[in-house]
Amino acid sequence: MSQEILEKLTNSVIEGDVDAAIALTKEALHAGVEPMAIINQGLVPGMNVVGEKFTSGEYFLPNLVIAGSAMQQAMQLLEPELKERQQERTSSGKVVIGTVHGDIHEIGKSLVATMLSANGFEVLDLGVDVPTEVFLTKVIESGAQLVGLSALLTTTMTVQRDVIEALDDAGVRDRVKVLVGGAPVNQEWADSIGADGYAEDAMAAVALAKRLMGES
Ligand code: B12
């Protein structure tokens, strides 16, 4: 039953059927499916198929936009549920997060922000296409212990390095731990630019943030 709803939800994202995605997300919640399962087994597989179809030339930009919108609207229903289910507030800290300059991909960054917030972190979400100077200013102003940099394009990954260099140049690099993520990012890249950590998804990002808080 739940499996069937999740499969339909995946298809609604692939087909870009926003109304169905919203209805099926509600149905899954009513059926008692955990919000994280709705995301990981319903929405994300759909976005992955959309990404593959875009790469193979079967889908075009409007398909990406509409699928992204279906996922985002479903996420808006799930975010309060995720926050409600927060279990521990033991290792909280302050996190500044955003998608780097030149990059408007929002969904993954927002998911990480929601999960951090659900786990007791105080999150300052700067949004997307965030200029490097804004990251710098907000890190200094807020006194955050962590900063999360999201990049979904191979062309904007390098901006993560720019932000780290800007923190360095301003003499505040040792005050804040830098987490990087996004589809093209991996541990090797994180190491090469001197980031403190990399996580491949929102759950791993929470574990990483907790570990880094323990170190700072
Ligand atoms: C939806 C989407 C869009 C939507 C975004 C809508 C929105 N509001 O966010 C729109 C249509 C706007 C879009 C635009 C473009 N896109 Co696009 N898009 C995607 C798509 C299909 C899904 C991305 C997504 O939301 N995934 C779901 C989320 C949950 O996953 P995620 O983002 O990876 O995030 C997870 C992890 O990466 C990690 N994470 C993410 N951020 C962070 C941060 C930290 C600190 C940590 C620790 C972890 C972490 O945790 C997240 C949660 O689990 C991907 C394909 C794909 N499969 O990735 C292409 C993709 C990223 N896009 C691509 C491209 C090329 C573009 C465009 C350039 C297209 C164009 N020709 O105009 C533009 C770029 C515009 C710009 N300047 O940014 C390419 C990138 C290729 C590359 N390697 O550079 C991809 C890979 C598609 C492809 N296969 O070609 N896109």
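Mentor: A residue is called buried if 20 or more other C-beta atoms lie within 10 Å of its own C-beta atom. Keep in mind that this is a predicted model.

Trainee: Okay, so what percentage of the residues count as buried?
Mentor: Of the 216 residues in the protein chain, 41% count as buried.

Trainee: And why does a radius of gyration of 18 Å agree with a compact globule?
Mentor: Because a compact globule with 216 residues would have a radius of gyration near 17 Å, and the 18 Å of the protein chain agrees with that. Along the principal axes, the C-alpha atoms fill a box of roughly 55 × 40 × 25 Å.

Trainee: Switching topic: how many helices and strands are there?
Mentor: The protein chain has 9 helices and 5 strands. Along the sequence, the pattern reads α-α-α-α-β-α-β-α-β-α-β-α-β-α.

Trainee: Which domains is the chain divided into?
Mentor: There is domain 1, covering 2–84, and domain 2, covering 94–215. Their C-alpha centres lie 25 Å apart.

Trainee: How many residues are in contact between the two?
Mentor: On the domain 1 side there are 8 residues, in contact with 7 residues of domain 2. Helix α4, residues 61–84, provides the largest share of that domain 1 side, with 7 residues. By type, the domain 1 side divides into 4 nonpolar, 2 polar and 2 charged residues.

Trainee: Now the ligand. Where does it lie relative to domain 1 and domain 2?
Mentor: It lies between them, because domain 1 and domain 2 both give residues to the shell around the ligand.

Trainee: Which residues come nearest to it?
Mentor: Of the 38 residues around the ligand, the nearest are Gly51, Gly68, Gly108, Gly148 and Gly181.

Trainee: What kinds of residues make up the shell?
Mentor: They divide into 21 nonpolar, 13 polar and 4 charged residues.

Trainee: Last one: how much of the contacts comes from residues 24 or more positions apart?
Mentor: Such residues account for 73% of the contacts in the protein chain with a separation of 6 or more.

Note on methods:
Residues numbered from 1 in each chain as written. Predicted model: local features only at pLDDT ≥ 70, side-chain atom pairs only at ≥ 80, totals over all residues. Domains from an automatic or database assignment. Helix = DSSP H or I, 4+ residues; strand = E, 2+ residues; numbered from the N terminus. Nonpolar A, V, L, I, M, F, W, Y, C, P; charged D, E, K, R; others polar. Rg over C-alpha atoms; globule rule 2.2 N^0.38 Å. Buried ≥ 20, exposed ≤ 12 C-beta atoms within 10 Å, placed from the backbone. Near = placed C-beta within 6 Å.
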